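Here is a brief report on a protein model. Please keep the sequence and the structure in view while reading.

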2 protein chains.
Amino acid sequence: MQLNELETPALILDRARMENNIKRLRERLRPFNVVFRPHVKTCKSADVARCIAEPGTPVTVSTLKEAEYFLQHGWTDILYAVGIAANKFAHIARLMERGARMTVVLDNRETGLALAAFCKERNLNLPVLLEIDTDGHRSGIRPQSDDLLDVASAFDRSRSGSGAWLAGVMTHAGDSYNCEDTDSIVALAEQERSGAVTAAQRLRQAGFDAPVVSVGSTPTAHFARTLDGVTEVRAGVFVFFDLVMTGLDVCKQTDIALSVLCTVIGHQKEKGWVITDAGWMAMSRDRGTAKQRVDQGYGLICDQNGVVMDDMIMQQANQEHGIIIHRHDSKKTPMLPVGTLLRILPNHACSTAAQHGSYKVVAGSQEIEAEWPRFSGW
Amino acid sequence: MQLNELETPALILDRARMENNIKRLRERLRPFNVVFRPHVKTCKSADVARCIAEPGTPVTVSTLKEAEYFLQHGWTDILYAVGIAANKFAHIARLMERGARMTVVLDNRETGLALAAFCKERNLNLPVLLEIDTDGHRSGIRPQSDDLLDVASAFDRSRSGSGAWLAGVMTHAGDSYNCEDTDSIVALAEQERSGAVTAAQRLRQAGFDAPVVSVGSTPTAHFARTLDGVTEVRAGVFVFFDLVMTGLDVCKQTDIALSVLCTVIGHQKEKGWVITDAGWMAMSRDRGTAKQRVDQGYGLICDQNGVVMDDMIMQQANQEHGIIIHRHDSKKTPMLPVGTLLRILPNHACSTAAQHGSYKVVAGSQEIEAEWPRFSGW
């Protein structure tokens with residue numbers, strides 16, 4: 001099947017670009033001698049994950065549905081990287097009974113005590129990472145905070161072979177998405193590294209093993225100068241890249257492996273609007289570039305071959321309608337004929353991919369070489 | 001099963017509120033003697049649609065996947081309300097072969113000519129509505145425009161019993177979502193009505209039958225004073241309502257039938273942040289209230305019973321993390337204990353529901369009385 005035989009909208013994955021992105025991060029991380037634990041929340045697809053690393057290698061997930069799915073597809077070493085809540089303990093136990101080597105994270109003593117009691121009762125050997133807040137972005141304990149040892153004290157210092165045990169620390173420098181230049185990303189990567197290492201050292205000084213120091217975000221993974229003391233790196237968006245990452249100079253537009261294929265269905269000529277059948281349902285409502293130097297609206301327009309059309313963006317979105325204009329001067333919008341196929345590069349790969357049930361895979365040509373399913377929900 | 005036995009996040013549907021919303025619009029429309037053609041893009045669920053109207057009654061869809069699904073569940077009279085593109089003609093034909101009475105819309109002569117040729121060749125009796133632009137919101141032909149008769153001329157004046165034929169006009173006053181008060185909605189409803197009726201009259205004067213005048217949006221359907229000359233009304237969001245509709249005074253907060261159940265997973269006490277496991281993946285990235293008088297962030301917080309907690313909003317969203325604060329003063333944010341269940345009212349029912357695979361149905365109590373599946377994609 002060819003691209004122009006698809007019904008639109010459809011999510012297109014350029015396999016060649018994706019493989020290049022994977023190779024780039026793998027090669028970048030090699031000298032650092034760290035475990036690579038890709039975040040599969042971006043792809044939610046075993047077909048994509050197999051291109052990143054074979055089943056059996058470590059992965060990071062953002063939902064227990066991801067854990068279920070990737071376990072079923074052969075990935076057993078799974079970090080669930082959202083602070084665990086008590087209403088998910090039983091699900092974690094079920095995953096472990098079926099062979100998953102789960103690791104969970106938390107940042108408060110109440111949850112630590114409840115989890116320790118649960119694991120003791122169930123005789124579960126569950127590694128726990130304390131979430132560290134290295135950039136003020138969301139969850140976690142500040143590396144130098146008194147809370148660190150207070151939360152840690154929910155766990156036994158001696159690792160007895162069963163029960164919940166303190167395996168170390170994890171942090172995510174999510175604020176790297178707000179950096180204004182690559183020097184800032186370099187600096188934030190060092191802040192992420194040093195904060196996590198500091199926290200781990202404090203735990204070790206207090207008598208905990210804490211062997212794991214897990215860090216990562218796509219920008220910091222690409223710009224860290226050293227990873228001394230870090231044992232593993234996580235990243236998710238790197239596999240596809242997107243316009244937010246382009247705006248951060250983490251990648252080029254031509255590295256973006258995802259696009260949404262759509263069809264021109266009409267015009268409002270006097271306004272310079274070209275109207276397509278890809279609305280926010282196909283692109284998501286993500287406006288991640290709104291705060292960047294260049295606001296890409298809901299996405300940047302390419303022709304059917306994936307070549308960027310200068311200054312054409314999707315400026316407005318209804319549920320199943322997109323409005324495309326020239327970003328500077330609507331009089332310059334070319335009135336592309338109805339039926340024209342376009343491809344729209346997304347602001348944020350995770351949110352756009354989440355709107356679709358599968359990837360239509362191409363590799364530099366118009367031929368759809370495969371359809372790879374992906375899942376949603378919890 | 002009780003609400004507190006669910007894993008979070010989960011989409012909760014209050015059936016009693018929904019039924020009240022349905023009754024309200026049905027009773028409001030009764031005196032106008034129009035066909036009610038609900039837009040099932042909001043619910044994407046046969047269980048919900050059956051509460052609105054039994055199978056066999058008219059529906060509106062926004063994707064051909066919705067057409068497929070609702071046809072399979074017994075709804076045969078289907079308006080596909082997004083401008084048709086040539087790459088969807090064959091799919092329309094397949095739906096008709098399987099018993100769907102499809103109606104399509106378009107707003108340009110090129111598509112009209114292509115569709116007329118396609119239907120002639122396939123011997124398909126397909127009613128077509130011209131999309132009318134009554135408010136400058138997106139697609140369509142202005143009611144007084146010369147283009148109206150130019151596009152119409154793609155079709156035969158005589159309805160020969162087969163082929164594509166001009167069945168009338170449709171319009172959607174999407175700009176009603178931007179009204180600042182209910183007087184403006186009343187005025188826009190009249191503009192929507194009169195524009196559509198004018199366009200239909202022009203077509204009839206030019207010799208076309210054009211029996212159908214289809215209008216609708218949730219706000220205008222609730223505020224139209226007259227519907228003279230209108231034959232059918234469409235609305236979608238009315239079934240659940242949402243914060244955008246509350247901001248427009250179309251409904252009260254206590255009418256909103258959808259909420260996202262989430263769990264408190266941590267805090268940043270010095271910032272006044274309560275962190276939950278419902279991020280933008282669970283709420284969507286829709287910020288529809290951002291431009292209203294009261295910006296509700298990513299949603300308004302209720303307790304587990306669905307009672308609004310004063311001035312608590314979800315202010316920030318990561319993929320699977322939400323940050324809740326007091327909207328005026330973060331020092332006033334109550335540090336709800338980890339494990340607390342909360343329900344978040346959404347900005348936009350269509351976009352939030354689209355993030356979930358099912359509705360967990362309650363009716364005024366904590367008991368989950370049913371789980372109703374819903375679908376996504378194209």
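## A buried aromatic pair

At 0% relative accessibility, Phe70(B) counts as buried. The term buried means under 20% relative accessible area, with exposed over 50% and partly exposed in between (1.4 Å probe, protein chains only). Tyr69(B), at 16% relative accessibility, also counts as buried.

## Basis of the values

This is a predicted model: local features need pLDDT of at least 70, side-chain atom pairs count only at pLDDT 80 or more, and totals for chains, interfaces and linings use all residues. Residues are numbered from 1 along each chain as its sequence is written, chains are lettered from A and ligands numbered from 1 in the order in which they are written, and side-chain values use heavy atoms, with hydrogens and water left out.

## Aromatic rings

Over all chains, the structure holds 14 aromatic pairs. One of them joins Tyr69(B) and Phe70(B), edge-to-face, at 4.9 Å centre to centre with 80° between the planes. Rings of Phe, Tyr and Trp (its six-membered ring) pair if their centres lie within 6.5 Å; planes under 30 degrees apart count as stacked, over 60 as edge-to-face and the rest as tilted. In chain A, ring pairs link Tyr69(A), Phe70(A), Trp75(A) and Phe375(A) into a cluster.

## Charges over rings

Lys271(A) lies over the face of Trp273(A), 4.2 Å from the ring centre. The charged end of Arg287(A) sits over the ring of Tyr298(A), at 5.6 Å from its centre. The criterion is NZ of Lys or CZ of Arg within 6 Å of the ring centre and within 35 degrees of the ring normal.

## Chain A as a whole

Chain A has eleven helices and 17 strands. These are DSSP runs: helices are H or I, at least four residues, and strands are E, at least two, numbered from the N terminus. The C-alpha trace of chain A spans about 70 × 40 × 35 Å along its principal axes. Of the 378 residues of chain A, 64% count as buried.

## The interface

In chain A, 56 residues are in contact (heavy atoms within 4.5 Å) with 56 residues of chain B. Chain A and chain B bury about 4600 Å² between them, and 49% of that is on carbon and sulfur atoms. Glu7(A), Arg138(A) and Trp378(A) supply 16% of the area that chain A buries against chain B, more than any other three residues. Buried area is the accessible area (1.4 Å probe) that two parts lose on being put together, summed over both.
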